[in-house]
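Here are my notes on the model, point by point. Please read them with the structure open.

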Amino acid sequence: MTSIPASVVRSPSARLGRALAHGDVPYRLITVAASIVLILLVVSFGLMLWITSAPTRTQFGLQSLISSDWNPSGEIFGSLPFVVGTLLTSLVGLAIALPFSLSIAIFLVELCPPRLRGPVGTMVELLAAIPSVVYGLWGLFAFIPAVVKPLGDFLLKLLGTPTNFIYLPFLSGPFFGTSIFASGVILAIMVVPSITAITRDVLLAVPAAQREASFALGATHSETISKVILPYGMSGILGAIILGLGRALGETMAVTMTVGNVSELPTSLLNPGYTMSSVIANEWGEARSLLHSSALLEIGLMLFATSLLLNVLARLLVWSVSRKNPDQRG
Amino acid sequence: MVTQAVRTTSQERVKLKSTSAQGRRAAINSITLGLTWIATFAAIIPLVWVIGDVISRGLPYMSAEFFTSTFKPLTLGGGGVLHAIVGSAELVGIASLISIPIAILAAIYVSEHRNTTFGLVIRFSTDVMSGLPSIVVGLFVYTFLVSGQGYSAFAGSVALAIMMIPIVLRTTEEMLMLVPRALREGSLGLGATEWKTMILIVLPAAVSGIITGILLAIARVSGEAAPLLLTAQGSNVLSTSLSQPIAALPLTMYKYAIDPSPIRNGQAWAIALVIVVFVLILNLSARALTRNRVKGL
C-alpha cells in the first residue's frame, strides 16, 4: 500500500482518473458544452433561414428584393414595400430619438445633480422595460389620437398640400393616423434608452484630462461638450446609433399595431406602410403555400443578416472608444 | 482632432474678447445646457403617460372574474384571462429552466477564458443573440419545432429561452468578473478543486448579481408576443400540455387590442396593466438587489 509507484500516478490514464474523481474534467466539459450550444444556435439560425428560404430565392432571385408587387394569392412575392417601410420607420425613429438620447446622456454624465442621477437614469431605462405590445396598444388607442393625428394633420395642411407655397411630397396624404410617421415616433420612444445607455458609457470613458484642459483654456461647458467630449466619443456614439438602428429594424409588435399594414410602396411618411417584421407576424399564420412561407423566411433571413451586420459594426465602434482609455471615470 | 478643437476654442476666445461676445457665449452655454434638462424630462413623459393610461384604462376592467375565469364569448360577459396567466407562467417557467443553466455554465466558461479565441467567439455569439429581432427567433423555432408537429407550449418556451440566454449570460459574466481574484486563489490555494471553488466560493459571492440577471430576463420575455405568435400560437382554453398551443398574456392582449369590440379593448388594457406591473416590479427589485454592487446597471 505504501508503495504506489510514482510512474502509475504520472501515467495519463491515472491522471485522467484522478481529475475525474476531482470533478474538474467534467466541470470543464459541461461549461464548454454549454458554450458550444450557444455558438451552434447562432450558426443554425443563419443556416436554417438560408435553407428554408431557398424556394423563393430560386424562383425569384433578386427580383423579390426589387419588386414591390406582393400578392400571396397570386404567388408573387416582391418584398420591396416591407424593406422600404422598415427603413423609413427606423430612420424616422432614429432621427427623433437621437437628439433626445444625446441630451439625456450628456445630462446624466455632465450636468445631473448626483441626487437625481439614479432616479432619472432608472426612469429612462424603464422606458425599455415596457413591452413592445404595450407600446402598440398605447400608440393605437392613446398616442396616435392625441398626438400623432393632430400633428400629422397640421403637417399635412402646412407642408403636404400641393397647392401650398411650400410643398414637401414626403409629407403628403392620405393620412389616417396609423402611418410610418406614427410607428417612427413610437420606435423613437423605444430606442431612446438603448442609445442613451451606450452613449452614457462612452461619455464616461472620456478622460477627465480632456475636459479639464478645455475648461482651463476658458471654454464654456457647452463648448467643452460640443468641441471636446462629443468628438472624442464620436465613434462610440456612432456605435450606439447603429445599435439603436438594429433594435428599431427588428421591432415587431408596436410597429405592427401602428404602421397601418398596407403592402404598397409608401410615397410619404404620413402614408400607412408595412414593415418586414410586421408582415411576418401578420401573414405567417395564414401562409398556406410553400412559396409564401419561404418568402416570409427570406424576409426573416434579411432581418437576421442585417442585425448581425449592424451588431458587429456597432460593437467594433464602441470597443474602439473604450479601448482608448481602459480606466473609466465614474 | 481633439487638440484642433481646443485650439479653435482658444482662438475664438481671443477673437471674442469684447464683453458682448462673452455674454453671447455665456448665453449659448445656458441655453444648450437648459435644453438637455428639458430633453431629459421630455423623454420621461412617455413613461409616465403609458403607465398612467394603462392604470386608468385597465383598472375598470379588472375584477375577481378577470383573474379567476377563462375565455368566454362577449355575450357571456367576455370572461377572464386565467388561461393566459397560467400559460404565461408555464412558458416563462420552462424557458427559465432551459435557459438559466446554459447561460450560467457558459458565463462561467467565458469569465475564465475571456481573451481566448473561443471565449471571444462565445461573447460575440451572445451579442448577436441579444440583438436578434424577436420575430426572427420565432421563425427559427418554428422551422425546428413547429413545422410538422404543430404549435406547442414547448416551442414557445424554447423561443423565450433563446431570448433569455444572452441576458442571463451577460449579467452573470459581469458579476463573476467582479468577484475578487484573491477569493478564488485563496480557495484554490487551500486545495479545493476548480469546480468546488466555483460552486462554493465564486458563485455564492456573485449570487445577487446573477439573480438580477435572471429577473431582468424574465421581465423581458414576459411581455414578448412576437416569437410566441409563431410558436405557442395562443388559445382560448386553459391548457398546461406542453404539446398543445397555449395562451399567453401578451398574445391574448394583442388579440384583444385589435378586436373591434370596445370590451375586448378594455380587457387588453387590463392585461397591459398586469404585464406592466409585473415587469416594473421585477425591474425595480433587480435594481435594488445590485444597487450597492454595480453602478448604472
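1. Start with the separation of the two domains in chain B. The model is predicted, and in it the centres of domain 1 of chain B and domain 2 of chain B lie 37 Å apart, taken over C-alpha atoms. The domain assignment gives residues 2–61 to domain 1 and residues 82–290 to domain 2.

2. The two domains do touch. On one side, 8 residues of domain 1 of chain B make contact; on the other, 10 residues of domain 2 of chain B do. Together the domains bury about 750 Å², with 86% of that area on carbon and sulfur atoms.

3. Which residues of domain 1 of chain B lose the most area to domain 2 of chain B? They are B:V54, B:R57 and B:Y61. Together they supply 64% of what the domain 1 side buries.

4. The rule finds 0 salt bridges between domain 1 of chain B and domain 2 of chain B. On the domain 1 side, the touching residues comprise 5 nonpolar, 1 polar and 2 charged.

5. One residue in chain A deserves a look. A:S293 sits in helix α15, which spans residues 290–324. Is A:S293 buried or exposed? Its relative accessible area is 16%, so A:S293 counts as buried, the cut-off being under 20%.

6. The neighbours of A:S293 can be checked directly. Leaving out residues up to four places away in sequence, A:S293 touches A:W284 and A:A287.

Key: Residues numbered from 1 in each chain as written. Chains lettered and ligands numbered in written order. Predicted model: local features only at pLDDT ≥ 70, side-chain atom pairs only at ≥ 80, totals over all residues. Heavy atoms only, no water. Helix = DSSP H or I, 4+ residues; strand = E, 2+ residues; numbered from the N terminus. Buried < 20%, exposed > 50% of the residue type's maximum accessible area, 1.4 Å probe, protein only. Contact = heavy atoms within 4.5 Å. Domains from an automatic or database assignment. Buried area = accessible area lost by both parts, 1.4 Å probe. Salt bridge = Lys/Arg side-chain N within 4 Å of Asp/Glu carboxyl O. Nonpolar A, V, L, I, M, F, W, Y, C, P; charged D, E, K, R; others polar.
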